[in-house]
Amino acid sequence: MQKILVTGGAGFIGSHFVNRLLQRTDIERVTVLDLLTYAGNPANLSAAWDSPHLHFVHGDILDRPLVDSLLQRHDAVVHFAAESHVDRSLLDARGFLTTNVTGTQTLLEAARHAAIEKFVHVSTDEVYGPLPTGCATEDTPLRPTVPYAASKAASDLVALSYQQTYGVPVCVTRSSNNFGPRQYPEKVIPRFVTLLLQGEPVTIHGRGQHVRNWLHVEDNCAGIELVLFGGVPGQVYNIGGGTDLTTAALTELILTACGAGPGSVRYIPDRQSNDERYAMDWSKIAGTLGYQPRRPLRDHLAETVAWYRDHAARWPLPVDAVPTYAGK
Ligand code: NAD
C-alpha cells in the first residue's frame, strides 16, 4: 500500500496521522481530502507541507465524481472526516447525518468500484453508549445516546455492511477521547486550556462526575496505523488504554497545568443527555496487532498546554463564542 487517501487530514487526529505516514519510507503518496470546515486548518499540516509525498485536495467526501477519481488512484483509505463535536450535534443533528453517514457511504460506494486494499473507518467509543460498570468489547451492542454517537454508529454499520455485501476491505477503529496539540478548542481539554490561559473561568456540567478515558492522539494514531497495515477486513478494533478520569478530576489537572486555582471553575446544570461513563476493553488490538499506549495524560498534559500557549494566535474565534449545549 503506497498511495494512501486520508479524509479529514487537516483536522486534529487526521493531521497527526498524516505526519506519522510521512515518516514511513514505504509510502509514495499521502493525499489529504478535506473540506476545511471550521474544524479543519491547513496549518495543522504545517510539518507536512514541505514533503514531496503530500498532496492536498480541498473537497467534500460527498462529492461522488471527486471521490471516485481519487479512489481509483489510491491503494487505501483512512477515513477521519466527520462532524465530531457532541454539543453541536445536540444543537443541529442534520449535518452529522449527512457528513458522517451519507459521506461515509459515498466513500464506500466509490471504494466498491476501485481496487482498494484497505478502508479504515475511524470511529469512537461513544457508539457503545454509557456503561455503569465493565468494559465494552468489540461485540458489545451499540447503544448510542446522542446524535453524534448515533451518526457514528450508523456509519460503522454501513461500513461493515459494505465489507459483508461487496467485499470492501473495511476495518473499523473505535477510540476513546483523544487529547494533544491541534485540537479545535470546542472539546473540553483545549477549551478549558485556552479559557484558563486567557484568565477566563471554565464551566463544568453537573458535578463533573462523568468518566471518560483520555488517550493521547499519537497513541490512537499508532493503533490506526497497525490496523491499516495489519487489520483483518470485517474486524472492529477498540483503541483505548488512556487515563480514566471524571471531568472534575481532569479539570483539577488542567487547572494545575495552567497555573489556575479552583476559583476558576463554575458549575452549570447537566445537559439533557450526558453519558455517565465510557469504558472499552482494548485487549483485541493489543493481542493481535501489538498495540500498546505509551503516553499517559499526567505525563503529556503539560506539553499540550504548552502548545496552546505557543499558538494563541491560531484560534480565529474568541473561545467563548464556541457553541455549547447546556440544556433544553
Ligand atoms: P476534527 O473535527 O478535528 O476534524 C474533522 C476534519 O474533517 C476537519 O479537518 C474537517 O474539515 C473535515 N471534514 C468535515 N466534513 C468534511 C467533508 N464533508 N468532506 C471532507 N472533509 C470534511 O475531528 P477529529 O477530532 O480529528 O476526529 C477525527 C475522526 O475521529 C472523526 O471521525 C471522529 O468521529 C473520530 N474520533 C474522534 C475522537 C476525539 O477525541 N477527537 C475520538 C474518537 C473518534
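This is a predicted model: local features need pLDDT of at least 70, side-chain atom pairs count only at pLDDT 80 or more; totals for chains, interfaces and linings use all residues.
Local features are reported only at pLDDT of at least 70 and side-chain atom pairs only at pLDDT 80 or more, whereas totals for chains, interfaces and linings use all residues. Residues are numbered from 1 along each chain as its sequence is written, and side-chain values use heavy atoms, with hydrogens and water left out.

An open sheet of 7 strands, paired in parallel, has the order E3-E2-E1-E4-E5-E6-E10, where strands (E, at least two residues) and helices (H or I, at least four residues) are DSSP runs numbered from the N terminus, and where two strands pair if DSSP finds at least two bridges between them. Because strand E3 (54–58) and strand E10 (236–239) stand at the edges, each with a single partner strand, one side of each is left without a neighbour in the sheet. Neighbouring strands of this sheet are turned by 20° against each other on average, direction ignored; axes are lines fitted to C-alpha atoms, for helices over the stretch in contact, and angles run from 0 to 180 degrees between N-to-C directions. Strand E2 (residues 29–34) runs parallel to E3 and is joined to it by 5 bridges, with Asp 34 opposite His 58 in E3.

Helix H2 (residues 64–72) lies across strand E1 (3–7), E2, E3 and strand E4 (76–79), and runs at about 170° to E2. Helix H4 (residues 94–112) lies across E1, E4, E5 and strand E6 (170–175), at about 165° to E5.

An open sheet of 3 strands, with mixed pairing, has the order E7-E9-E11. Its edge strands are E7 and strand E11 (243–246), each of which pairs on one side only, and neighbouring strands are turned by 45° against each other on average, direction ignored. Strand E9 (residues 211–216) pairs with E11 in the antiparallel sense over 4 bridges, and Val 211 stands opposite Thr 246 in E11. Helix H8 (residues 247–258) lies across E9 and E11, running at about 100° to E11.

Among the polar contacts (pairs of N or O atoms within 3.5 Å), oxygen atoms of the ligand lie 3.0 Å from a polar backbone atom of Gly 11 and 2.9 Å from one of Phe 80, while a ligand nitrogen atom is 3.0 Å from a backbone N or O atom of Ile 61. The protein covers 97% of the 840 Å² of accessible area that the ligand has on its own, as computed by the Shrake-Rupley method with a 1.4 Å probe.

Conventions:
A polar contact is a pair of N or O atoms within 3.5 Å; within protein, one must be able to donate a hydrogen and the other to accept it, and residues adjacent in sequence count only if both atoms are side-chain atoms. Contact means heavy atoms within 4.5 Å.
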